[in-house]
Amino acid sequence: DTVARLATENSPTRAHVAIAWDLAKSADRPTASAIVPVIGARKRTHLAESLGALRVTLSAAAVADIEAALPPSQIAAERYAPTHMTHLDSEKSAARN
């Protein structure tokens, strides 16, 4: 797996590689909307571990490797199942009534 290989080569975790990819993509698009990785951490240790990604710099070749291994068509999906979306969207429909 490409992300695991890059994690081994660069000594971070897979999460570090994912966050570093997000940051690299934002740097590539200075005039467009930034991609902001949202880190869910319940403990300070989790946050500190995730922030370790700031020490990781991916080369252009590494970014290209990740994108070749994980094309958007394979990772694009709904965030929640349709049944859960009806609950989330229920507030919108109630506001319209």
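This is a short talk on a predicted model of a protein with 97 residues.

First, the conventions. Residues are numbered from 1 along each chain as its sequence is written. Since the model is predicted, local features need pLDDT of at least 70 and side-chain atom pairs count only at pLDDT 80 or more, while totals for chains, interfaces and linings use all residues; side-chain values use heavy atoms, with hydrogens and water left out.

Confidence next. pLDDT is the predictor's confidence in each residue, from 0 to 100. The mean for the protein is 77, and 75% of the residues reach 70 or more. Where pLDDT is low, the predicted coordinates should not be read in detail.

Now the fold. The protein has 6 helices and 0 strands, where helices (H or I, at least four residues) and strands (E, at least two) are DSSP runs numbered from the N terminus. Of the contacts with a separation of 6 or more, 58% are between residues 24 or more positions apart; contact here means heavy atoms within 4.5 Å.

The accessible surface is about 7,500 Å², and carbon and sulfur atoms hold 56% of that. These areas come from the Shrake-Rupley method with a 1.4 Å probe, and for residues only the protein chains shown count as cover. Buried residues make up 23% of the protein. Buried means under 20% relative accessible area, exposed over 50%, and partly exposed in between, again with a 1.4 Å probe and protein chains only.

What does the largest nonpolar core consist of? It has 11 residues: Val3, Leu6, Ala7, Val17, Ala20, Ala24, Val56, Leu58, Ala62, Val63 and Ile66. A nonpolar core is a set of buried Ala, Val, Leu, Ile, Met, Phe, Trp, Tyr and Cys residues joined through side-chain atoms within 4.5 Å. Helices H1 (2-10), H2 and H4 each give two or more residues to this core. One core member, alanine 7, touches Pro12, Thr13, Arg14 and Val17, leaving out residues up to four places away in sequence.

Look at H4 itself. Its buried residues are Ala62, Val63 and Ile66. They lie on the same side of H4, because they cover an arc of only 100 degrees around the axis, taken from the directions from the helix axis to the C-beta atoms. Exposed residues Ala60 and Ala68 sit on the face turned away from that buried side.

In helix H2 there is histidine 16. Is it buried or exposed? Histidine 16 is buried, at 9% relative accessibility. Neighbours within four places in sequence aside, histidine 16 is in contact with Glu49, Ser50, Gly52, Ala53 and Val56.

How many salt bridges does a search of the whole structure find? The search finds 1, a salt bridge being a side-chain nitrogen of Lys or Arg within 4 Å of a carboxyl oxygen of Asp or Glu. The side chains are those of glutamate 67 and lysine 25, at 2.9 Å, N to O. Glutamate 67 is in H4 and lysine 25 in H2, residues 14-28, so the pair ties together parts 42 residues apart in sequence. Lysine 25 is buried at 18% relative accessible area, whereas glutamate 67 is partly exposed at 31%.
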